[in-house]
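Here is a friendly walk through a two-chain model, from the chains as a whole to a few local details. Have the viewer open as you read.

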Amino acid sequence: MQSSWIRWSLPVAVGLVVTAPGYAVQYLSVASAQKLCFPGCDQFAVAHIKFTPAQIKAIEAATGQPQQLRGQEIWKAMLGGQLQGYFIVDYVIGKHLVIDYAVALSPDGAVRQIEILQYRESYGGEIRNPDWRKQFVGKTPRSRFALNDGITNISGATLSSRHVTEGVKRVLATYEVCLK
Amino acid sequence: MIVRARPLLGTFVEIQADGLSELDGHRSIDRAFDAMAEVQRRMSFHDPASTLSRLNRLASHGPVRVDEWTFDVLKTAAEIHLVSHGVFDVTIAPHLQRLGFLPPAAGPAVPMAARRWSFADVQLLPDRSVRFLHPNLRIDLGGIAKGFAVDQAVAALQAAGVERGVVNAGGDLRVFGQEAFVVSIRHPARPGTALGTLSLSNRALATSAHYFADERISGRRLGPFINPRTGRRQARLQSVSVDAPTAILADALTKVVMLAPDDSAHVLERFGASALCVAAGRGVRCIPGGRAAFQLAAQPFFPSRRHRPAHSFNR
């Protein structure tokens, strides 16, 4: 068992601290995503895994992708002391976007759920720029909505989710190499 | 207000639900995502276990019974095919395969001369069975299923008691509820800026454009817009946004306008829709003309001083 070297710390009060640029959208905190992925679980035990060079090699060999992360935050979802699954936070960086997302795995390593935690566009700053948003005031009959939530509704942003799909493959390889 | 996002249908799907408690709101969003994942399972061209793949394997040999959702999508595809005089056609899958937008078919390639079929060769039978009248005919629902999935997600949210919400699948979006939403349309040439805005209330909006659609295939400028008559890529416009009563209509009608903008007014009117088109170097226009549902961006919507406001043009 390779997992013996991981120290799981309990209890959990770990949140991800993120500094949000003006055009970031935060959907879920780590804690609320954990609750959604594993409803009813009473403990989330965290381990900050630091990959060994051999593990990085193994993950890269399994996925054919570079493993750019030096380590990963992995939570064990527990109910009454029983393992219900794993909750892994991962990051993908594409051409136009940076995404923090979470993958919930069953104890045997099957994907249960994927939730986007936060999404940042490397452009699109203008669309969500507060100064620009101010321009809406008084311009539409529903300016309240223009300011509060209208701006998040952008048509034409057909961004490919391919990077997340590739990221999930890397997370599954991480499970095989570090947790199984 | 709860907003969540998941990767689905090859893009990012964002769902907003207002008017329920946090717990019930999250549950309603879970159901909406589940409905969209189910649409993906049934209508994916890539998944050999999907209803669509079964159809593509078997329907040229005899009638194949399909689920209600797949049949509904095919019925809508048939109606738009008819009204658009064949411009909208979901039987272009072999062309998309040849051009590399879809994975290639097994077996020998079908010569171009033998590719003489259209959606008219697809029979929709009364017992929800489907039959292909041409041996090489294959369907891809990529131009319509995403919109249908958005509609199903909206139905799931409404069934769960959500009062007001948005489902946005990478630009194909639908809003519902008493109060309107303001939606920005991304500028095709400057994806960081808005082309215009639209106040949407119980309506759908879909955008087809070239800025991201072809990202996966480097060196190709045009997105997967195929003229069904020639089997070749064609796009007369850089970006098309269609505002329609449902997302399935908005999604499908963007392709009609993209391929044949000059003949699309009657099609749009038939389905209660309108379009905002951008042609490279020629500005912006609305179809049908003079009845613009779109509030075009005047200066205030553009943050950049360098930008000159878009103006409409008449043919």
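Of the 180 residues in chain A, 39% count as buried, where buried stands for 20 or more other C-beta atoms within 10 Å of the residue's own, exposed for 12 or fewer and partly exposed for what lies in between, with C-beta atoms placed from the backbone. This is a predicted model, in which local features need pLDDT of at least 70 and side-chain atom pairs pLDDT 80 or more, while totals for chains, interfaces and linings use all residues. Residues are numbered from 1 along each chain as its sequence is written, and chains are lettered from A and ligands numbered from 1 in the order in which they are written.

The two chains can be set side by side. Helices (H or I, at least four residues) and strands (E, at least two) are DSSP runs numbered from the N terminus, and a contact puts two C-beta atoms, placed from the backbone, within 7 Å.

Along its sequence, chain A reads β-α-β-α-β-β-β-β-α-α-α-β-α.

The largest nonpolar core has 131 residues, and Phe87(A), Ala32(B), Met36(B), Ala153(B), Ala250(B) and Leu253(B) have the most contacts inside it. Such a core is a set of buried Ala, Val, Leu, Ile, Met, Phe, Trp, Tyr and Cys residues joined through C-beta atoms within 7 Å. Helix H6 (residues 247-259) of chain B gives the largest share, ten residues. Beyond its neighbours within four places in sequence, Leu253(B) touches Val242(B), Ala244(B), Val267(B), Leu268(B), Phe271(B) and Ala273(B).

How do helices H1 and H5 of chain B pack, and at what angle? H1 (residues 22-43) and H5 (residues 145-159) of chain B meet at about 150°, their axes 8 Å apart. H1(B) is therefore roughly antiparallel to H5(B), a term for angles over 145 degrees. Among the residues making the contact are Ala32(B) and Met36(B) of H1(B) and Ala153(B) of H5(B). The contact residues divide into eleven nonpolar, three polar and one charged.

Two loop residues of chain B deserve a look. His85(B), between helix H3 (68-83) and helix H4 (93-98), has a positive phi near 55° without being glycine, and it is exposed, with 12 other C-beta atoms within 10 Å. Arg128(B), between strand S4 (122-125) and strand S5 (129-132), has a positive phi of about 65° and counts as partly exposed, with 17 C-beta neighbours inside 10 Å.

Key: Axes fitted to C-alpha atoms, helices over the stretch in contact; angles between N-to-C directions. Parallel < 35°, antiparallel > 145°, perpendicular 65-115°, else oblique. Nonpolar A, V, L, I, M, F, W, Y, C, P; charged D, E, K, R; others polar.
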